[in-house]
Amino acid sequence: MKKQLHPELTIPFCYFFKKNTDTAPLHQETPLLAFVAVADTHLREEGYRIRRFTRLFQSCKSMVQTDCLVICGDITDQGIRKNWEVVESLIPKTPMCILPCMGNHDTWEEESEGGFDKAVTHFTDFCTAVSGFEPNAVYYKRLVKGFPFIVLGRDNPQEPFFSDKQIAFLERELSLCDRKKPVFVVSHYALNQTHGLPETFGDEEYEDYTGGFEGCSDKINAVLQKYDNVILFSGHSHMGLNPTCTFEKVGNIHSLNLPCFMFGNHHGLYHCGLGYVVEVYEHSILFRPRSFLRGRWMHRYTIEIPY
Ligand SMILES: [Fe+2]
């Protein structure tokens with residue numbers, strides 16, 4: 001798949017003058033939707049991880065508008081029940097729309113007998129506890145202020161990791177969406193060979209598919225490419241903010257690869273604590289990287305696209 005930078009990317013001059021610590025939306029007009037997206041929070045019972053995750057929620061709370069929080073997988077570090085309990089205990093009880101997505105670390109329980117099923121149960125129990133809805137599977141659709149979020153997750157312990165049933169679900173849900181509005185597809189994995197993959201996955205040895213949907217990538221891409229209103233969010237690579245690889249136009253869709261929140265990153269801006277605030281306006285979408293640990297915008301990487 002050929003990588004192509006979006007021709008309509010703009011970085012308005014005013015971004016450089018906006019107060020760095022300001023938590024208000026960037027434009028004067030109130031966003032139709034504003035949400036926070038992070039990936040790879042890798043929670044387990046360890047002091048620094050707990051402190052960073054807690055800071056994320058404090059930071060979300062300090063934003064003038066946050067309609068939901070998307071966590072693009074590897075929510076936990078080992079996928080065991082105890083990890084999930086730690087995450088749950090840190091999430092404030094005040095109502096907040098949280099859209100969790102399952103990552104590979106969230107399935108690590110699969111090493112034990114019947115482990116994959118246990119991992120799925122941990123995940124769906126977590127969704128029920130923190131988001132107030134009970135998904136039937138690790139993939140689901142939710143509407144937030146009328147905007148659809150389609151969340152994907154590995155539902156098969158062996159290759160292919162994404163079942164035909166799930167891909168049919170994606171196809172059906174996309175066909176039902178209003179084509180004049182953006183649709184946010186959330187996945188831990190990116191399409192193969194996007195965002196500088198496989199090199200930007202950071203492994204010394206890799207295959208062409210490393211870091212992506214692997215054997216399911218072509219099938220999933222074939223479905224996504226039927227639409228020009230899809231924004232695909234992924235994590236997994238732990239690639240830092242990168243001016244050419246983080247945000248990409250892939251055929252008809254836009255694709256954003258989120259840096260790892262919990263740890264330092266490679267192939268880009270190193271900092272931990274990074275994520276995005278996404279603001280949806282009447283005719284454009286703003287992607288604003290933010291350090292949620294430092295409470296600072298990363299203006300240089302802000303992108304706005306029309307829709
Ligand atoms: Fe990760």
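1. Two residues are in contact when their C-beta atoms, placed from the backbone, lie within 7 Å. By this criterion, and leaving aside neighbours within four places in sequence, glutamine 166 is in contact with Tyr139, Leu152 and Asp155.

2. The model is predicted: local features need pLDDT of at least 70, side-chain atom pairs count only at pLDDT 80 or more, and totals for chains, interfaces and linings use all residues. Residues are numbered from 1 along each chain as its sequence is written.

3. Glutamine 166 lies in helix α4 (residues 164-176); helices are DSSP runs of H or I with at least four residues, numbered from the N terminus. Glutamine 166 is buried, because 21 other C-beta atoms lie within 10 Å, the cut-off for a buried residue being 20 or more. Valine 138, 28 residues away in sequence, is 9.3 Å from glutamine 166, C-alpha to C-alpha.

4. Helix α2 (residues 81-90) packs against helix α3 (residues 115-131) at an angle of about 15°, with their axes 11 Å apart. The two are therefore roughly parallel, a term for angles under 35 degrees. From α2, Arg81, Trp84, Val87 and Glu88 make the contact, and from α3, His122, Phe126, Ala129 and Val130.

5. The largest nonpolar core has 76 residues, of which Ala37, Val70, Cys72, Val186, Phe233 and Val278 touch the most other members. Such a core is a set of buried Ala, Val, Leu, Ile, Met, Phe, Trp, Tyr and Cys residues joined through C-beta atoms within 7 Å. Helix α3 contributes the largest share, 6 residues. Beyond four places in sequence, the contacts of alanine 37 include Leu258, Gly275 and Tyr276.

Note on methods
Axes are lines fitted to C-alpha atoms, for helices over the stretch in contact, and angles run from 0 to 180 degrees between N-to-C directions. Angles under 35 degrees count as roughly parallel, over 145 as roughly antiparallel, 65 to 115 as roughly perpendicular and the rest as oblique. A residue is buried if 20 or more other C-beta atoms lie within 10 Å of its own, exposed if 12 or fewer, and partly exposed in between; C-beta atoms are placed from the backbone.
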